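Work through these exercises with the model open beside you. Try each task before you read its solution.

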Amino acid sequence: MSNFSSDDDVILFKEKLQHSQLVFRDLALKSRREATILKRLISRLIAASQVHDDKVLNERLSQIRRELDSQEDVSRLIPQLALVERMVNRHNQATERAKDSLECQFQQSGETLKCLPGLPAQLKRDLRTLLTSPAAEQKGSTEKIVALLQLYERALKLLSLPSNGLSARDLLNIDRINQLCSELQHLITELDFDGEVGDRLLDIRSRLLLSPDAQTLLELTLESVQLILDGTRNERKASQAFLSQLNEDLSILQRHNGRSIDSSQAIATQRSSLNEELAASVDSINIHLRDAESLEELRPNLSQVAVNLASLVARNRELEEREQQLMEQLQHNEQKLEALYQQTMDYRRRLGDQERKLLLDPLTKVYNRAALDDRLEHEYRCWIRYQTPFCLAMIDIDHFKSVNDQYGHLVGDKVLKVVARTIHQCLRDTDFIARFGGEEFVILLPDADEETRKVLLNNVRDTVSRLPFKFKNTRLTITVSIGASLFKDNDNTVEVLERADNALYNAKHNGRNKLVWA
Ligand SMILES: Nc1nc2c(ncn2[C@@H]2O[C@H](COP(=O)(O)OP(=O)(O)OP(=O)(O)O)[C@@H](O)[C@H]2O)c(=O)[nH]1
């Protein structure tokens with residue numbers, strides 16, 4: 001039964017109803033306000049995420065915006081929002097990929113700029129910082145690209161307009177000076193002088209690695225020529241000293257021998273006259289014995305014979321002593337002769353060593369360029385004759401300059417030695433390795449079929465990259481780029497060297513630590 005019996009109840013009920021209406025109106029107002037805020041937020045998000053290269057997505061987003069304005073109920077847009085979310089995800093993935101390729105492009109453009117001849121040292125340093133420093137890695141890609149563009153602009157200005165007091169010609173001169181430094185340094189590497197001259201040449205080589213200016217280069221060149229002259233003069237003096245000593249010793253020996261021969265002839269003459277006198281004494285004794293009638297008659301004759309014999313004995317003793325002296329002199333001469341023989345053999349060995357050294361690179365102990373020329377010519381002739389596959393490869397250490405810059409030239413030298421040894425160990429007995437220039441090697445692989453040469457060259461690249469270099473507790477990874485080519489058709493050695501060099505250039509530009517065939 002209803003309780004609407006009293007007026008009080010009706011009033012109470014009315015009040016409750018009014019209260020509920022007020023609450024409902026508040027809630028409706030609040031929800032409309034919230035829906036407006038939500039719509040505005042979604043609308044702004046859509047505007048912010050509107051992208052220009054995806055038309056379908058842009059169209060969808062605009063449509064949602066329009067519907068947001070007309071629709072009261074936001075929940076009806078949920079399916080469309082879900083669709084857009086999927087599209088945005090896809091778009092994000094595409095953006096990530098584009099970012100990666102942009103980064104790669106950025107690195108390549110940076111490397112291209114780095115290889116531009118004549119860049120001033122400061123610009124090179126800035127470029128290296130931009131490409132490799134950890135701080136640069138934290139920068140956004142746009143920021144990095146803008147920085148790279150600025151460096152390109154600086155390089156263009158420096159190379160085309162006179163600025164900083166340096167004209168494009170000055171910069172080309174600097175590049176030429178650097179080339180001359182590297183050639184002089186290479187020539188010094190091939191010299192092998194001992195002692196002070198050798199030490200001073202090593203010192204000049206280190207100074208050449210520090211990119212000196214034209215004046216210093218000239219001074220270093222003159223100093224080198226002076227040292228080479230000194231070194232050659234010293235070597236010549238040493239040879240002359242040895243030869244004149246040998247000459248003197250030989251003429252002393254010859255004089256001694258001459259005297260010995262004279263003495264031995266004199267001794268022989270004396271001995272034969274001694275023998276004759278002895279025979280005459282014996283004859284005379286026999287005659288006296290035969291003719292004598294009595295012992296008394298014999299006595300004076302025999303005593304004369306005894307005096308003669310005593311004199312003969314004394315002279316014989318003297319002769320024996322002289323013979324003994326002669327024997328000693330001959331023995332001495334023989335020893336002297338043996339010593340001279342040993343000295344000459346030693347000198348011959350040293351000359352042989354020098355000859356071998358002329359073909360070796362003193363730093364890395366692999367063959368030098370002169371040896372390469374000889375061997376290349378030989379292998380080329382064999383290839384023309386037998387037509388077995390003949391491969392030539394150029395190997396260059398990557399970013400070697402930064403090893404020198406970061407750790408010093410002594411560490412750079414050590415790296416060169418270890419890399420040369422490692423490459424050598426990867427080769428077969430019949431292969432050949434030579435240091436071609438600064439941090440560049442050439443290897444010759446005669447009679448190497450496709451599988452052999454691929455495996456071998458990849459093994460060289462891979463083994464070097466796994467060498468456990470460690471400096472100042474920092475692990476240092478060294479890699480090499482390789483350009484390789486086969487002799488074919490009417491090739492000559494220069495053409496194949498050029499092809500391998502181009503392939504090496506491509507290996508460098510395709511990211512280094514690569515083997516490229518041409
Ligand atoms: N320590 C040392 N450094 C050498 C020697 N010969 C040449 N160099 C240095 O090797 C460096 C070669 O540098 P770049 O030609 O710029 O080449 P990179 O830095 O290796 O760069 P990429 O070849 O492009 O990877 C130069 O800095 C030379 O001074 C040497 O006998 N000892």
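**Exercise 1.** Does T422 count as buried or exposed, and at what relative accessibility?

*Solution.* Note that this is a predicted model.
- Step 1: Find the residue. T422 lies in helix α13, which spans residues 409-426.
- Step 2: Read its value. T422 has 6% relative accessibility.
- Step 3: Apply the cut-off. Buried means under 20% relative accessible area, so T422 counts as buried.
- Step 4: Look at what surrounds T422. Setting aside residues up to four places away in sequence, T422 touches T463, V464 and L467.

**Exercise 2.** Find N404 and state which residues it is in contact with, leaving aside neighbours within four places in sequence.

*Solution.* 
- Step 1: Locate N404. Helix α12, residues 400-407, holds this residue.
- Step 2: Check its cover. The relative accessible area of N404 is 13%, so N404 is buried.
- Step 3: List the contacts. Beyond those neighbours, N404 is in contact with H409 and G412.

**Exercise 3.** Name the residues that gather in a patch of positive charge on the surface, then classify K414.

*Solution.* 
- Step 1: Name the members. The patch brings together K365, K414, K417 and R421.
- Step 2: Classify K414. Its relative accessibility is 46%, so K414 counts as partly exposed.

**Exercise 4.** Describe the salt bridge between R207 and D203, and explain how the two residues are placed along their helix.

*Solution.* 
- Step 1: Give the distance. The closest N and O atoms of R207 and D203 are 3.4 Å apart.
- Step 2: A salt bridge needs nitrogen and oxygen within 4 Å, so the R207 and D203 pair qualifies.
- Step 3: Use the helix. R207 and D203 are four residues apart in helix α8 (residues 195-208), so about one helical turn separates them.
- Step 4: Compare with the cut-offs. R207 is partly exposed at 33%, and D203 is partly exposed at 41%.

**Exercise 5.** Which two helices does the salt bridge between E277 and R315 link?

*Solution.* 
- Step 1: Confirm the bridge. The side chains of E277 and R315 meet at 2.9 Å, N to O.
- Step 2: Locate both ends. E277 is in helix α9 (residues 214-291) and R315 is in helix α10 (residues 295-357).
- Step 3: Count along the chain. The two residues are 38 residues apart, and the pair links distant parts of the chain.
- Step 4: Classify both. E277 is partly exposed at 33%. R315 is partly exposed at 32%.

**Exercise 6.** Summarise the whole protein: how many helices, strands and salt bridges does it have?

*Solution.* 
- Step 1: Count the elements. The protein has 15 helices and seven strands.
- Step 2: Count the bridges. The whole structure contains 23 salt bridges.
- Step 3: Of the 518 residues, 31% count as buried.

Definitions and conventions: Residues are numbered from 1 along each chain as its sequence is written. This is a predicted model: local features need pLDDT of at least 70, side-chain atom pairs count only at pLDDT 80 or more; totals for chains, interfaces and linings use all residues. Side-chain values use heavy atoms; hydrogens and water are left out. Patches are made of residues with over 30% relative accessible area and no salt bridge: like charges are joined within 9 Å, nonpolar side chains (Val, Leu, Ile, Met, Phe, Trp, Tyr) within 5 Å. Accessible areas come from the Shrake-Rupley method with a 1.4 Å probe; for residues, only the protein chains shown count as cover. Lys and Arg count as positive and Asp and Glu as negative; His and the chain ends are not counted. The place of a charge is taken as NZ of Lys, CZ of Arg, CG of Asp or CD of Glu. Buried means under 20% relative accessible area, exposed over 50%, partly exposed in between (1.4 Å probe, protein chains only). Contact means heavy atoms within 4.5 Å.
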